[in-house]
Amino acid sequence: TAATADQWLGNVRVVTYAAPQSTGDWPVQNTSAGFDGQIQLRQVARSGESVGAGDMLVLRMDWQALVQPKADYSLFVQLLDQDGKVQVQRDLPLVDSDPSSQAFQATSTWQAGQAVTSLVGLGIPAGTPPGPYRLILGLYDPADGKRLPTGETDHIDLGTVAVERPSDARATATSRMRYRPNAAFSEVTLVSHDPVSYTH
């Protein structure tokens, strides 16, 4: 299961998850990138080479601890436009997402040689302009925000992802969604929003 969004609404934390049915046929990229001599990224599989605006790109990452990591590191995944500006970003703790292992092991508990799998979903906002974007990822210590070095840089470049226009059917369905009242809690639940008009 991949966490795809995480936000606080007052004192309530809202987390959205995606559960891919299968990742076996995803395009795979092998790598031997190391992060500060502590963690190695061995392979990345992505749900596709392209993604529609308003859809989600899901990554499966296979890691190995080279030593026991010094801290509980976080992962960042970014899509950069042709000017190198961040257009989409996802940050979350790097944990073992493999359901057959102990649930959600933070990096400081990983043992030397341990293999770990993690999943992350990168939601592409509906208004994202179509075109090629660079996909990068890296690790950092949330205590000070310092990124772990990966040789001469502080991130791994995973190549290009093509963002495409949403299908007409999806755009029509999305435009019909509105705010709707949540009678159970006497509040308003945001399901989606129309960029032109807002109704309750």
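The side chains of R46 and E49 meet in a salt bridge at 3.4 Å, N to O (a side-chain nitrogen of Lys or Arg within 4 Å of a carboxyl oxygen of Asp or Glu). The model is predicted, with pLDDT of at least 70 needed for local features and 80 or more for side-chain atom pairs, whereas totals for chains, interfaces and linings use all residues. Residues are numbered from 1 along each chain as its sequence is written, and side-chain values use heavy atoms, without hydrogens and water.

**Salt bridges**
- The count of salt bridges comes to four.
- R46 is buried at 6% relative accessibility (buried is under 20% relative accessible area, exposed over 50%, partly exposed in between, with a 1.4 Å probe and protein chains only), while E49 is partly exposed at 46%.
- R60 and D62 form a salt bridge at 3.9 Å, N to O; R60 is buried at 14%, and D62 is buried at 19%.
- D154 pairs with R147 in a salt bridge at 3.4 Å, N to O; D154 is partly exposed at 27%, as is R147 at 30%.

**Nonpolar core**
- The largest nonpolar core has 34 residues, and M61, W63, L75, L79, L135 and L137 have the most contacts inside it (such a core joins buried Ala, Val, Leu, Ile, Met, Phe, Trp, Tyr and Cys residues through side-chain atoms within 4.5 Å).
- β6 supplies five residues, the largest share of this core (strands are DSSP runs of E, at least two residues, numbered from the N terminus).

**Strand pairing**
- β3 and β4 run antiparallel and are joined by six bridges (strands pair if DSSP finds at least two bridges between them).
- V28 stands opposite A45 in β4.
- Three residues lie between β3 and β4 in their hairpin, where D36 in the turn has a positive phi of about 55 degrees.

Notes: Helices (H or I, at least four residues) and strands (E, at least two) are DSSP runs, numbered from the N terminus.
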